[in-house]
Amino acid sequence: MSFIIKCLDCGHNTSYHPASTTCPKCGSQWREAVYDYEIIGKTLPSQLVNRSSSLWRYHELLPIREPNVSLSLGEGGTPLIRAINLGLMLGCPNIYIKDERQGPTSSFKDRQASVTIAALKEAGITEMVAASTGNVAISYSAYASRAGMKLWAFVTSLVPAVKMREIALYGSQVIKITGSYDQCKQVASEFARQRNLYQDMGARTITSIEAMKTIAFEIAEQLTSVQGTPPDGTLWKTPDWYVQAISGGMGPLGVYKGFREMKQMGWINHIPSFAPIQAEGCAPMVNSWKKGLDKVEPVTSPKTRIETLATGDPGRAYEFLRDYVNSTNGSFECVSDEEAFRAMHVLAKMEGISAEPAAGVAFAGLFKLIRAGIIKPSDTVVVNCTGHTMSADPSILGENWSRDVKFPSADETPQEGLLAALTQVAPERFPKIVIVEDTDEARRLIRRILQSQGNFTILEASNGREGLELIQRVLPDLVVLDLMMPEMDGFTVIELLRAKPETATIPVIVATAKELTAEEKNRLGGQIQSLMQKGDFLNDEFLEEVKALIK
Ligand SMILES: *Cc1c(COP(=O)(O)O)cnc(C)c1O
Ligand SMILES: [Zn+2]
């Protein structure tokens, strides 16, 4: 394996050793690995066919001499999952989730830790220091145990206890710092300096950037296998957007380098637009970018409950990332903790994916960028689902997420009592909603959204005439009605419902893809409770409307 380390400030080239972290000529800590792209670009693609799907399939483009099979836990090769329901909800059908929860310790930090520990092992280094908001330390801890290395893990006291225990479980020393993450990093640095130990340098660590690159390679390969090879004869497809929640920004810096290298080797023809998302209470990069600043304005006391993303001072990582965002026509965005929690809940309910709040930040950012029209309906978007939740945060589920069934008292026969209790959760007692909609897809989506919001008995009809009969028969608590349908349109259904006393007061929500004319609006006026544009269902209004109408 041949590569060199090039200084990003003075251009000086050196050979690689993980323990040397600065340019010998100018002292810069910002350097990167450069490979023989000419040769690798030509020879690697044909070799990939026979390789397994771990990140080591790209080992010619990683800064290690030989992949160390004995250290591997199956890192990389995570699935790219199409988010069909989210796509329908948002009116943006090509959303894909890069499911990094499926790494060995459930976050995308497994790439960083596996490649870094492999490089340290090759160099004979046996002890290291890492400051972490949780996930980096968990992952380093797991790989360090395989490599027989000692890890000193510095974490802030805000890191959830489950994560701290996970770090300790693999046998590492956890050092809890009461203070901000930036202060925690300072203490860790000082500790490493005094003992002359190897220290993880975040986005300035060559192995970390190189490891994150493999996300870009995988995305391009996987997207090509679902969307087909590009018409221009390049090897792989790339998405229009890469969306990720960031703290120090290491992920997108590495992913960008991956796309850049693929372009350089002629494998792809364009680099996606980058959308790094931060939590509002700690959004130094977003704020600085929105102000048009060249250098970052640090946030000295982050105010977010999402500790994973609490880097207040990203330093020069901002300058690189700003250039990447600008040159790809991307966008920085930030979201509130509440928006992130809500997005996390939506993701779980719509796609069956339980992600940690930090990953929720990326999805909330996606929703925001689509609504703002920055991400277009026809765009192909990849969202990095960076990590798995350890346990559902109570503030996300709210109240009433479980149903209590009281156990029978002693004087009842057990069967009777239990059955009686169970009738409390019996479907007959749930509010009835009739969906009248001729498109299967739209019907399925509305059903899914309603089901995820509470207990309803949902009945469906696929045209106006059937719908009218169904409504007259079951007298539901609510009707969700399409307008343009075969047999009988929605306007007629409403008029006929309003004409009979039994059905005159049943609330109706009209859901339509049609732009209504003034005359049509007039025709509906006063007859319906609410009008929804399709593709607009993520709008919290819809759910609040449903809840308000069903009493
Ligand atoms: C570390 C981490 C991030 C932020 O990653 P950076 O690219 O380093 O800013 C996002 N989500 C999760 C789950 C993480 O562990
Ligand atoms: Zn230099």
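**Exercise 1. Domains**

State which domains the assignment gives for the chain, and find the distance between their centres.

*Solution.* Step 1: The domain assignment, which is automatic or taken from a database, gives domain 1 (109-204) and domain 2 (428-549). Step 2: The C-alpha centres of domain 1 and domain 2 are 55 Å apart.

The structure is a predicted model, in which local features need pLDDT of at least 70 and side-chain atom pairs count only at pLDDT 80 or more, while totals for chains, interfaces and linings use all residues. Residues are numbered from 1 along each chain as its sequence is written, chains are lettered from A and ligands numbered from 1 in the order in which they are written, and side-chain values use heavy atoms, with hydrogens and water left out.

**Exercise 2. The chain as a whole**

Describe the secondary structure of the chain, and explain why the chain is as compact as a globular protein of its length.

*Solution.* Step 1: There are 19 helices and 18 strands in the chain; helices (H or I, at least four residues) and strands (E, at least two) are DSSP runs, numbered from the N terminus. Step 2: The radius of gyration, taken over C-alpha atoms, is 27 Å. Step 3: The globule rule is 2.2 Å times the number of residues to the power 0.38, and for 551 residues this rule gives 24 Å. Step 5: The C-alpha trace spans about 85 × 70 × 50 Å along its principal axes.

**Exercise 3. Burial, contacts, surface and charge**

Determine what share of the residues is buried, what share of the contacts comes from residues 24 or more positions apart, and how far apart the mean positions of the charges are.

*Solution.* Step 1: A residue is buried under 20% relative accessible area, exposed over 50%, and partly exposed in between (1.4 Å probe, protein chains only). Buried residues form 54% of the 551 residues. Step 2: A contact means heavy atoms within 4.5 Å. Of the contacts with a separation of 6 or more, 68% involve residues 24 or more positions apart. Step 3: The chain exposes about 23,700 Å², of which carbon and sulfur atoms supply 50%; the areas come from the Shrake-Rupley method with a 1.4 Å probe, and for residues only the protein chains shown count as cover. Step 4: The 57 positive and 64 negative charges have mean positions 5 Å apart. Lys and Arg count as positive and Asp and Glu as negative, without His and the chain ends; each charge is placed at NZ of Lys, CZ of Arg, CG of Asp or CD of Glu.

**Exercise 4. Ala245 and Ile246**

Locate Ala245 and Ile246, and classify the accessibility of each residue.

*Solution.* Step 1: Ala245 lies in strand 10, and Ile246 lies in the loop between strand 10 (241-245) and helix 8 (250-264). Step 2: Ala245 is buried because its relative accessibility is 4%. Ile246 is buried because its relative accessibility is 1%. Step 3: Leaving aside neighbours within four places in sequence, Ala245 is in contact with Ile277, Leu309, Ala358, Val361 and Ala362. With residues up to four places away not counted, the contacts of Ile246 include Pro276, Ile277, Leu309 and Phe332. Step 4: Ala245 and Thr386 are 141 residues apart in sequence, yet their C-alpha atoms are 7.8 Å apart.
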